[in-house]
Amino acid sequence: MKNVKNAVVLVTGSGIGRLMALDFAERGARVVIWDLNAGALKLVQEEAAGKGLSIRGMICDISNRQEVYARAERLTGEMGPVDILINNAGIVQGRPLLETPDDFIEKTMRVNVLALFWTAKAFLPAMIQRNSGHIVTIASAAGLIGVRGLTDYCASKFAAVGFNESIRMELRRTGIRTTVACPFFIDTGMFSGVKTRFPLLLPILKSSRTAKKIVQAVLKNKELLILPPFAGSTLILRLFPPRLFDAAADFFGINHAMDEFKGRNGQ
Ligand SMILES: NC(=O)c1ccc[n+]([C@@H]2O[C@H](COP(=O)([O-])OP(=O)(O)OC[C@H]3O[C@@H](n4cnc5c(N)ncnc54)[C@H](O)[C@@H]3O)[C@@H](O)[C@H]2O)c1
């Protein structure tokens, strides 16, 4: 298990990011959260303080490249180089393609995809210099299978999976590790209203347990975490012709999962 005492850990987004941040802080890491929502940052900081921990919150819109670079410089200057970067912030609109406003499609790509590039470019050089560090990508099971009503989100999460795999290849002869997490739906509220047909095989995940599993995977330098493991069967189903793959997705209720989606806007 990796020792994270005094390590600088940066988590973007404070949904499930809040729980990962608290877990790392409890292990003695110096944790920073970036979020554009000041209220969310305040809540995490207060929760940490209530546990005798300290988490630093910085307002940062990760979809803004200049802002990411500026915040990264400030953070590194004040706390030293980032040891573990957890790219977690994400957004979803949850509408069929033709009902999704163009602006939102672009925003999804900026937050869920392009921000991965800006944060990696900001923090990777110092990791390479020290030959040590860890880049974590919170993708999704939606990065393993396309879902009706989630075209922009799935495309962004497939991109996140591809981003992770490519940098893993680039970094494999270095001391820098990567982890990609592909969870099924989690009960944070981001996907409120979604349904699962077989809750025993594909349960809506509890955020506390999911955050713990992701932190454990990082500490163990695990490259890939699929939750629940059954969601990994999509990788095997890909060996079959698309018609069979699609029929299996229908059978498991994947294409009806979004029928009653409300998300954060409809909560
Ligand atoms: N909730 C799920 O069902 C689920 C399932 C699989 C994967 N994921 C992924 O896990 C990650 C975390 O999801 P969550 O459930 O905690 O979501 P959430 O909505 O609870 O939290 C997302 C956080 O990201 C922040 N954020 C959004 N846009 C931002 C921006 N431009 N700059 C900075 N911060 C921004 C929000 O303010 C919020 O605090 C996301 O990448 C999501 O796609 C979620």
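Predicted model: local features only at pLDDT ≥ 70, side-chain atom pairs only at ≥ 80, totals over all residues.
**Backbone features**

- Asn6 has a positive phi of about 70 degrees although it is not a glycine, and this residue is exposed, because 10 other C-beta atoms lie within 10 Å, where 12 or fewer count as exposed.
- Asn221, which is likewise not a glycine, has a positive phi of about 55 degrees; Asn221 is placed in the loop between helix 6 (207–219) and strand 7, and counts as exposed with 12 C-beta neighbours inside 10 Å.
- The peptide bond from Leu227 to Pro228 is cis, its omega being near -10 degrees, and Pro228 is found in the loop that runs between strand 7 (224–227) and helix 7 (233–237).

- Seven strands, paired in parallel, form an open sheet in the order 3-2-1-4-5-6-7.
- Strand 3 (55–59) and strand 7 stand at the edges with a single partner strand each, so one side of each is left without a neighbour in the sheet.
- Neighbouring strands of this sheet are turned against each other by 15 degrees on average, direction ignored.
- Strand 2 (residues 30–35) runs parallel to strand 3 and is joined to strand 3 by five bridges, with Asp35 standing opposite Ile59 in strand 3.

**A helix across the strands**

Notes:
Residues numbered from 1 in each chain as written. Helix = DSSP H or I, 4+ residues; strand = E, 2+ residues; numbered from the N terminus. Buried ≥ 20, exposed ≤ 12 C-beta atoms within 10 Å, placed from the backbone. Pairing = 2+ DSSP bridges. Axes fitted to C-alpha atoms, helices over the stretch in contact; angles between N-to-C directions.
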